[in-house]
Amino acid sequence: MGTEKNLVTIKGLHYSRGDKVIFDGVDIEIPRGGITAIMGPSGTGKTTLLKLIGGQLRPAAGTIHVDGEDVHRLSSSELYKLRIKMGMLFQTGALLTDISVFDNVAYPLREHTNLPESMIRKLVLLKLEAVGLRGVWKQMPNQLSGGMARRVALARAIALDPMMIMYDEPFTGQDPISMGVLIELIRALNDASGLTSVIVSHDVEETASIADLVYVIANGRVVECGGSKEILGSSNAWTRQFMRGLADGPVPFHQDAPPLVEDLLGGGQ
Amino acid sequence: MTAPVKALMDQLARLGRSGVGVLEHLGRAHLLLLSILGGLGDLVRRPRLLLIQLFSVGVLSALIVAVSGTFVGMVLGLQGYYILSQFGAEQTLGVMVAASLVRELGPVVAALLFAGRAGSALTAEIGLMKATEQLSGLEMMAVDPIKRILTPRFAAGIISMPLLAAMFSALGVMGGYFVGVGLLGVDDGAFWSQMQAKIDTYDDVLNGVIKSLVFGLVCTWIALFQGYDADPTSVGVSRATTRTVVHSSLAVLGLDFILTALMFGE
């Protein structure tokens, strides 16, 4: 196991989907024990970045080290071993819909440990208690609200006490109360369990309120990196537009298009 | 390059692209099949996964197969009687019904029904699991979705298919018996004894079982591949489900001809 200061080190990452360049030389370092936020507008490849870190996608060039291991040089069994130490919370929760909340949280425990069922039961209830949803263990995922499903998914992600958790847009589509609950949970889990948390999000305020370190990415590159206060007060035009939600700036309101007159008079050609 | 030449080259390029596309598609399907087969060893250690799928793939398809089998047998009894009675050969009705069922209609129609009932459900389920990131979620939990989700369904499909075909044939024979003996007055003893004398365990029954095993493999493989390869959108899943039924039906009918030629050809 690596003992470096950074749990995740990304160097010179290049990745394209079809003709579209998603990452064009990205360097990111994620320190152990903290909450690192990776922010940027929709379509900048934030989810792609998490999938690259988790080894679900392969970069065109560059390296990603997690806990001292080069993710994309591992054999498939080594990669699966590494993933046991990584939790990931998907945007939709990604709970298995044909089994109950209890079985969902128990799933990784049953897969990767030989614990007796009585012990699994205790662990599952404790994990559900940690996210405040012990009361719903009998329910099926389709009986839960979106926010609750995400919290159950969080309980599942921490079931094996991983060293890091990656959150994919945890705040999207949450009402203010579940948003508040999630923010508290992410901070509390990070500090109580000595986790390393990575949040990708475009919810500026919420993310900035808990992040220790913020990376802002745009157009395939890291635009800025620093503490959340630093980033919020940044003088960089791009960062300012994003953090303050300005309609126009370096990112234009209008997408690239031929002149309007040409389109209107062109007869639909 | 002149315009007609360019147009011709474009046509050729399009043809080439679609050819490469088809080959890529086939390649991905075969790679998936290999990975699914690689998970069979793991499945032996987790028989529960297989039992659950045997229920949803096999048992839940049983009713439609049973009802269809009975009606097909009844129709065979009716049609067979009218033709055979013209030659005074109605005593051989049992042979005609049973041979048609165990050699052809049992495996083929059961497979077509299977593709429509279980195949489409498998594709939609896997496609939606992909669209809702459940497969990705399993991967990130260090669980191989192919071994855990696809392999049990694949094995269940192959095991269920011959059983469903056997059920189809058995109930079809009963349907033929009901119409021929019960309604049209064919001799009871002749119906069964002729059938027993002429239907061969290996030539007829075993060949039918081999057919249904092949159909089970192909239908389940197509259904799983279409689901796994589907675009993770509602349109993508809907197209994949349609493709499953169309491709499976065509594959079953085409393969049936080839297998029949191999088994019964001189």
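On a 1 Å grid over the protein atoms alone, a pocket is an open set of points with protein on both sides within 12 Å along at least five of seven lines, while a cavity is a set of points where a 1.4 Å probe fits but cannot get out. Lining residues have an atom within 4 Å of a point. Points are joined across faces, edges and corners, and a volume is the space filled by probe spheres set on them.

This is a predicted model: local features need pLDDT of at least 70, side-chain atom pairs count only at pLDDT 80 or more, and totals for chains, interfaces and linings use all residues. Residues are numbered from 1 along each chain as its sequence is written, chains are lettered from A in the order in which they are written, and side-chain values use heavy atoms, with hydrogens and water left out.

**Stop 1: the second largest pocket**

Select Ile99(A), Tyr107(A), Arg48(B), Leu49(B) and Ile52(B). Of the 19 lining residues, these are the closest to the centre of the second largest pocket. Its volume is about 630 Å³. Now colour α3 (101-112) of chain A, then α3 (47-86) and α6 (145-183) of chain B; each supplies at least two lining residues. Helices here are DSSP runs (H or I, at least four residues), strands are runs of E (at least two), and both are numbered from the N terminus. The lining has nine nonpolar, two polar and eight charged residues. Ala, Val, Leu, Ile, Met, Phe, Trp, Tyr, Cys and Pro count as nonpolar, Asp, Glu, Lys and Arg as charged, and the others, Gly among them, as polar.

**Stop 2: the largest pocket**

Move to Lys51(A), Leu57(A), Lys130(B), Ser136(B) and Pro232(B). Of 30 lining residues, these lie nearest the centre of the largest pocket. About 950 Å³ of space lies there. Which element gives the largest share of this lining? α1(A) does, with four residues. By class, the lining has 10 nonpolar, 11 polar and nine charged residues.

**Stop 3: where the chains meet**

Show both chains. The contact (heavy atoms within 4.5 Å) takes 21 residues from chain A and 16 from chain B. The buried area is about 1700 Å², and carbon and sulfur atoms give 54% of it. That area is the accessible area (1.4 Å probe) that two parts lose on being put together, summed over both. Select Glu133(B), Met140(B) and Met141(B): in chain B they lose the most area to chain A, together 41% of what that side buries.

Next, pick Arg46(B) and Glu111(A). Their side chains meet in a salt bridge (3.6 Å, N to O). The term needs a side-chain nitrogen of Lys or Arg within 4 Å of a carboxyl oxygen of Asp or Glu. Two salt bridges are counted between the chains. Then highlight α5(B), which gives the most to the side of chain B that touches chain A, with six residues.

**Stop 4: the cavities**

Two cavities of 30 Å³ or more are counted. Of its 17 lining residues, Met86(A), Gly87(A), Ala157(A), Met140(B) and Met141(B) are the closest to the centre. That lining divides into 12 nonpolar, three polar and two charged residues.

Finish at the second largest cavity, about 30 Å³ in volume. Select Gly39(B), Asp42(B), Leu43(B), Arg46(B), Leu49(B), Lys147(B) and Arg148(B), which line it. Here α2 (40-45) and α6 of chain B each give two or more residues. The classes are two nonpolar, one polar and four charged.
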